[in-house]
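Dear colleague,

I am handing over the structure below, followed by an account of what was found in it. Please read the notes with the coordinates open beside you.

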2 protein chains.
Amino acid sequence: MAKQLTIADIAKLSGVSAGTVDRILHNRGKVAPATRAAVEKVLQESGYRFNIHTSAVALKKGYRITVTMPSSVDGEYWNQMLNGIGHALDEFSDIKLECGFCFYNPFDMYSCRTVFESIPAQEPDAVLIGPVFPDETMKLCNSLKNRNIPYVFVDEDIPGSSPVASYSTDQTACGRLMGKLLHLTSTPPPFRKLNIEYGLFQPSATGAESSYKQEKREAGFTGYFSEAGLSGKIKKADIPLLNPHECEKSVLGFLHDHPDINGIALMHSRGDIIADILNRNRMEGITLLAFDLTAGNRKCIMDGKMTAVISQHPEMQGFSAVKSIIRYLLYKQCDKKISHRMPIDIVVAENLPYCRNYLAEL
Amino acid sequence: MAKQLTIADIAKLSGVSAGTVDRILHNRGKVAPATRAAVEKVLQESGYRFNIHTSAVALKKGYRITVTMPSSVDGEYWNQMLNGIGHALDEFSDIKLECGFCFYNPFDMYSCRTVFESIPAQEPDAVLIGPVFPDETMKLCNSLKNRNIPYVFVDEDIPGSSPVASYSTDQTACGRLMGKLLHLTSTPPPFRKLNIEYGLFQPSATGAESSYKQEKREAGFTGYFSEAGLSGKIKKADIPLLNPHECEKSVLGFLHDHPDINGIALMHSRGDIIADILNRNRMEGITLLAFDLTAGNRKCIMDGKMTAVISQHPEMQGFSAVKSIIRYLLYKQCDKKISHRMPIDIVVAENLPYCRNYLAEL
DNA sequence: CTGTTAGCGCATTCAC
DNA sequence: GTGAATGCGCTAACAG
């Protein structure tokens, strides 16, 4: 264990005072170029690292961060993100952090616009953004950039923006994985139907929420099947998810028209709705795959009404995003890697009980 | 954000001095029963929590911890555990921690015994144990207990011991999951053979290393198949893994005798060996499942020679175990939950690129 | 522009 | 048994 050098050591080594080293480390105040060069050389060579503890202890100033994302209720995707953020705030409760939340309606662009417009005025030290509407988000980013307020993304990255970090999932890869899973797992023997076909349900009249996401997933999904030479086996259906009666009617109608369907994939998280319909109509023999480990999906998997979901670690995203903000604000460390891709989990009944919130464990 | 109370606050509230509060918090030195009661009451009511940063800063004393586990080479399971430990040591480099490593030969009980016997004499402040031989491990635990040295387990828990924490995987659940996966994914259409059978390969003449683990996995695996009413479809084979020529001969012999095999499950991590044999003999149509995301298996999955592995987060185990030790040693916080079950991951080609070491991300 | 210095909250040592 | 005093490495304010 090589003893860590202290700021005082660095100061001595480079013939300046601790204050100067501090100014260089934090890029604040003016430093003569020559002095800066000398100190930076020592810094480099010695591989100096902050002692985050003393740093946090000595920090007088507090930071205010604003979190903005779609509103949600308990057990939903965005709510899990919020849990991750909460854990991080809790883990770092020794740092003077104040966190404000600005939720918007993910189905209403104007709600998003109104909320986003109010954010720069709050003058936060940093913003955590869960984006849904790319254009509105881009406007927010520009406005933050003008005021020099750093921001991070969770869930999705907005092309052309310049966040301090982003924690997102490769939705195309998710779609490909979904394709592979549907291909591999569609009704196992002995119940398999002979002329195997695969259903792909799309919500008709989708709210704006994540239609973008679903498109990427679908592209990955169809990509997998076309590479497997099975494109022709995919049967698409528009399902009006939010109208229970119509929804059931169209699911049953579809299955009637396509009796060889062995499995169905959804590019969204409302697998529970379809699972209930299949279950009510005694069609459990059909494999059902969806996204996100929501409370509803969790229950369906436990009850054997759904085969698997693909999960993308929302809590970890929220947790890491806050951690990233803290690193940036307090320790002036930018991540070497800006864009972090989250792990993509396959969850079935057998491993569901062990899919806890990792962060709470640590 | 409720302002955190400080020790000074607590002292003032209970009419004593900071020193006394500290003595109570850390259970050291003598405190008058009456004083103790009064302070503890205030502590309770105010929900006081350490400021881990100042606590770490003020800590003069350093701690020495000993890590003991099977030796391994780069890319193997135990090596990944070591990486997690390294990350933790790195993340907490601001704390005065010294870490010594004692590796033993997992195939030689005497090696283990010799190493374990040397550990108590080193008088570490805590020990991290990766067990293989239950009896030897139990002896170590007893000896540590006598000296009041706390210990944590990774990978496996030893029944009857009393660790500060343990980070392990439910091997029976892993086996069940393996069963489910084999059932669901065995050769998808259109290459499926008609009378589907499943292969279960066991290493013949196993070294002692984790035979215990493999038994539990096999129990879970056969449990799944018997519940699915498919017990009769499992065909077992003893495969001499470590003898390349014999191994290939017995694999090919088995497949010749059982032409309806659609998929093979291994209860250990050497899927790469079997994958190469299948690949060399152009039998890629057969699904192959194994354990652990070793470097070898990783490559096989990427190359399409293996279908999936079940992975159990060795890095996270190592990381969490060290974190747990630190919490215990520095902050005197025992985990409420002693036994932590790790998440069980399913890794296929499509999500492999995103299975990084989570901890490095945070 | 640069050096000096007073705390931050806690652990520890030393008087009482 | 208990309280006061010191210092951990750093930040930030102030004095040059």
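**The surfaces near the DNA, the chain contact and a helix pair**

In this predicted model, the surface near DNA strand C receives at least two residues from each of α2 and α4 of chain A and from each of α1 (7–13), α2 and α4 of chain B. The element that gives the most to this surface is α4(B), with four residues. By class, the surface near DNA strand C is made up of 13 nonpolar, ten polar and four charged residues.

The elements giving two or more residues to the surface near DNA strand D are α1 (7–14), α2 (18–26) and α4 (52–58) of chain A, together with α2 (18–26) and α4 of chain B. The residues of the surface near DNA strand D divide into 14 nonpolar, ten polar and four charged.

As for the two protein chains, 39 residues of chain B are in contact with 39 residues of chain A. On the chain B side, two or more residues come from each of α4 (52–58), α8 (171–185), α13 (314–331), β11 (339–341), β12 (345–347) and α14 (358–361), and α8(B) gives the most, with seven residues. By class, the side of chain B that touches chain A has 19 nonpolar, ten polar and ten charged residues.

Chain B is superposed on chain A by a rotation of 180° with 0.1 Å of shift along its axis, at an RMSD of 0.3 Å, and that is the relation of a two-fold axis. Within chain B, the C-alpha nearest the axis belongs to His53(B), at 2.3 Å from it. The same surface serves both copies, in that 100% of the contact residues of chain B recur in chain A.

Finally, within chain B, helix α10 (residues 244–257) packs with helix α11 (residues 271–280) at an angle of about 65°, with their axes 10 Å apart, and α10(B) passes α11(B) in a right-handed crossing. The contact brings Cys247(B), Glu248(B) and Val251(B) of α10(B) together with Ile273(B), Ile274(B) and Ile277(B) of α11(B); by class, five of these residues are nonpolar, none is polar and one is charged.

With best regards

Notes:
Residues numbered from 1 in each chain as written. Chains lettered and ligands numbered in written order. Predicted model: local features only at pLDDT ≥ 70, side-chain atom pairs only at ≥ 80, totals over all residues. Axes fitted to C-alpha atoms, helices over the stretch in contact; angles between N-to-C directions. Left-handed = near helix turned anticlockwise from the far one by under 90°. Contact = placed C-beta atoms within 7 Å. Nonpolar A, V, L, I, M, F, W, Y, C, P; charged D, E, K, R; others polar. Least-squares fit on C-alpha atoms with pLDDT ≥ 70 in both.
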